[in-house]
Amino acid sequence: MDPSEQFEAERPRLVRIAAGLLDDRAEAEDIVQQAWLRFDGTGAEIASVPAWLTVVTTRLCLDRLRAKVPEPTEPMQLPEAQFAPDPAERVVLADSVGVALQVVLERLSPAERVAFVLHDTFSVDFHTIASVLDVSSMAARKLASRARSKVSEVAPQGTPADWEVVDAFLSAARGGNFARLVHLLAPDVLVTADAEAIAAGTPHRLQGRNEVAAMFDGAAKAALPVFFGDRPGAAWFHRGQARVVFDFIVAKGVVQAITFRAQPDVLASLTRREAAARR
């Protein structure tokens, strides 16, 4: 595989990482293009292209974040009891983190943001995170733990309303923010469809947080908020007509399931909504 093919195979993943760190899809694509220029220009032997590109892309994002929000000058002090080694450290955060992720990330330092997003969203190991941040693996763990602590403190209290979760999901999908999508989905989220929706081009079945987030990443631009019965959902509209309903099942602040429905009686029963109110 030549260098351009190697890079293009990694590009979608790199854009997702950069968009998760920067919360800006266009800026993420610019960063990834810079990573390509560095990759194309390197004459060194690369043992692992995916790992090398992850480090380079993340360092470019870190530089961009630090240009906006410099790192705090006080030394990092975190008691050992405030973090635990894998797998216990993968703590369950507040139900509202997914809805409020943009606000939450803005409260973290650039290094904390990198440690939190890379590890808790993309499952990047601490050795790689330490390489990005130029710290020890132990320090990278502490940064991720401190970030989680801050996330729990600043996340809104209580479970968000179902419509807030649905609308946050639609916003993340349209904006191409894979990280937000991941935090809005249950680990075993299931996507299914009725026969009419499948005929219209929707997937038959898809399961798993990463798989579902990848499908919606950058999509749903023609979807509008609706009520399906008494439940908040969304529908894909074409020329002013609803074509496919996104029937969401939400529990504990995350999406548990999405069913695509396109039966005529279902489409006829929809009402448009704005936030929690019918239009």
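Me: Two strands pair if DSSP finds at least two bridges between them. With that in mind, what is the order of the 8 strands in the open sheet?

Reply: This is a predicted model, where local features need pLDDT of at least 70 and side-chain atom pairs count only at pLDDT 80 or more, while totals for chains, interfaces and linings use all residues. Residues are numbered from 1 along each chain as its sequence is written, and side-chain values use heavy atoms, leaving out hydrogens and water. Helices (H or I, at least four residues) and strands (E, at least two) are DSSP runs, numbered from the N terminus. The open sheet has mixed pairing, and its order is S2-S1-S6-S5-S4-S3-S7-S8.

Me: Which strands stand at the edges of the sheet?

Reply: Look for strands with a single partner strand, so that one side is left without a neighbour in the sheet. Those are S2 (205-207) and S8 (277-278).

Me: Which residue is the bridge partner of Val191 in S2?

Reply: Strand S1 (residues 185-193) pairs with S2 in the antiparallel sense, over 3 bridges. In S2, the bridge partner of Val191 is Leu206.

Me: What angle does the direction of helix H11 make with that of S1?

Reply: Helix H11 (residues 209-216) packs on the sheet, touching S1, S2, strand S5 (241-251) and strand S6 (254-261). Contact means heavy atoms within 4.5 Å. Axes are lines fitted to C-alpha atoms, for helices over the stretch in contact, and angles run from 0 to 180 degrees between N-to-C directions. For H11 and S1, the angle is about 60°.

Me: Where does helix H1 bend by about 45°?

Reply: A bend at a residue is the angle between axes fitted to the seven residues ending there and the seven starting there. H1 covers residues 3-22, and a proline, Pro12, follows the bend within four residues. The bend is at Arg11.

Me: Are Phe7 and Trp36 buried or exposed?

Reply: Buried means under 20% relative accessible area, exposed over 50%, and partly exposed in between (1.4 Å probe, protein chains only). Both Phe7 and Trp36 are buried.

Me: What kind of aromatic pair do Phe122 and Phe178 form?

Reply: The ring centres are 5.6 Å apart, with 20° between the planes. Phe122 sits in the loop between H5 and helix H6 (126-133), and Phe178 in helix H9, 56 residues apart. The pair is stacked.

Me: Which ring has the charged end of Arg278 over it?

Reply: A charge sits over a ring if NZ of Lys or CZ of Arg is within 6 Å of the ring centre and within 35 degrees of the ring normal. Arg278 is 4.4 Å from the centre of the ring in question, the ring of Phe227.

Me: What is phi at Asp134?

Reply: Most residues other than glycine have a negative phi. Asp134 lies in the loop between H6 and helix H7 (137-154), and at 70% relative accessibility it counts as exposed. Although Asp134 is not a glycine, its phi is positive, about 60°.

Note on methods. Phe/Tyr/Trp six-rings, centres within 6.5 Å; stacked < 30°, edge-to-face > 60°.
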